[in-house]
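This report concerns one structure and follows its strand pairing, its helices and the surroundings of selected residues. The sequence and the structure are shown first.

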Amino acid sequence: MKHLKQLILLLLIIFSLTGCYSSVSENPMNDVIPDDTVSQEVQPTEDTEEISSSEPEVPNGSSFEIHYIDVGQADAALVVCDGNYMLIDGGNPEDSSLIYSYLTKQNVEKLHTIVCSHAHDDHVGGLPAAVYNFKFENVYAPERENDIDAYNSFKNKVIEKGITIKNPKPGDSFDFGSSTVEFYGPVYDTTDLNNTSIVLKITYGETSFMFTGDAEREEEQDILNKNFDLSATVLKVGHHGGATSTTYPFLHEVMPKYAVISVGKNNQYHHPTEDVLSRLRDADVTVYRTDLNGDIIAKSDGKNVTFTTKKNEQPTVVTPTPNNYNSQGSYIGNKKSKKFHYPTCHSLPAEHNQVIFSSREEAISQGFSSCGNCHP
Ligand SMILES: [Zn+2]
Ligand SMILES: [Zn+2]
């Protein structure tokens, strides 16, 4: 009797399961599923989700890469997507021949788009060379101009070719091959040229690349106030790593996995600043720098980004870690505040208040705690 009951129960379960699967495949929308089969009904929905997430994000045969060209203390990047070329800034005027030969080497004949992030020499400088030597279709620049030779020759040559310079508004976008370019800034015009920088993001599949020109905290805040989705896989760090750019609130919205800093070796501005490098470390960002890596090429397959650098054949993480950051193995304590710092920290105590430790352990064992700025 007991066995018979179990057998009937088993048959009922099998019957209801079979019924459930056939009803879902035949008529998923209209069938009323009995209560006790609801958990089974979840199964096909999950399968559908898996299928849709494994669909290719980008078309077959499509390609995407960005060359962050080493132009010293300046900016220049060549974006290549499905045979289309976009040049974002052109370095200093003395980089003109470098820009020309770089583009020629990449077999550029026509630029789909030229972006002048803002009218400072170290961004617009080499653009006239591109405008003189290559065909181009679209030109974006901020409304605010600058009466310097490089900007004037850039502007005049664009006009001469019968092309109108477009001033993008936040939220404007265009298709670039199978990627999309969206503008976020400048939000307002200002006499401070850095804060007129064009800020844009290029999205290719699930990967995205943010460019911020020399935008500083004021423009970053204006953009944050607009509530755009600023998340990006790679951030081209604003203003060559200057301390007044890449503020924590902006960085936390972008939340990049990688950052590229376009900066000259031993430049007079001491860029990139330790402030920005430590913010990037805090956000666990892998940093590439043109002063250390030379030309940096980021390739995307729509899901992942891989880096190739000129000076390091292997993709390298150049973010200083506590070990290589502090090569002397020394830490500086503040006798008064009982905090200890890296020797490069900006908030070191006056010399008469300093005490030197050879290890973190030594500092901690003497009752010192780590500085909140340099995080030793
Ligand atoms: Zn600038
Ligand atoms: Zn600059």
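Ser101 has its place in helix H3; helices (H or I, at least four residues) and strands (E, at least two) are DSSP runs, numbered from the N terminus. The model is a predicted one, in which local features need pLDDT of at least 70 and side-chain atom pairs count only at pLDDT 80 or more, whereas totals for chains, interfaces and linings use all residues. Residues are numbered from 1 along each chain as its sequence is written, and chains are lettered from A and ligands numbered from 1 in the order in which they are written.

Ser101 is exposed, with 11 other C-beta atoms within 10 Å. From C-alpha to C-alpha, Ser101 lies 10.0 Å from Ala130, at a separation of 29 residues in sequence.

Strand E3 (residues 84-90) is largely enclosed by the rest of the structure, because six of its seven residues are buried.

Which order do the strands of the open sheet take? The eight strands run E6-E5-E4-E3-E2-E1-E14-E15, with mixed pairing. Its edge strands, E6 (165-166) and E15 (305-309), each pair on one side only. Two strands pair if DSSP finds at least two bridges between them.

| Strands | Sense and bridges | Bridge partners |
|---|---|---|
| E2 (residues 76-81) and E3 | antiparallel, six bridges | Ala76 and Gly90 |
| E3 and E4 (residues 110-115) | parallel, three bridges | Ile88 and Val115 |
| E4 and E5 (residues 135-140) | parallel, five bridges | Val115 and Tyr140 |

The hairpin of E2 and E3 has two residues between the strands, and Asp82 there takes a positive phi near 50°.

In helix H7 (residues 217-225), the buried residues are Glu219, Glu220 and Ile223. Seen down the axis of H7, they fall within an arc of 105°, so they line one face of the helix; the arc is that of the directions from the helix axis to the C-beta atoms. Their cover includes strand E8 (179-185), strand E9 (199-204) and helix H8 (248-254), where contact requires C-beta atoms, placed from the backbone, within 7 Å. Asn227, which follows H7, has a positive phi near 55°.

Notes
A residue is buried if 20 or more other C-beta atoms lie within 10 Å of its own, exposed if 12 or fewer, and partly exposed in between; C-beta atoms are placed from the backbone. Two residues are in contact if their C-beta atoms, placed from the backbone, lie within 7 Å.
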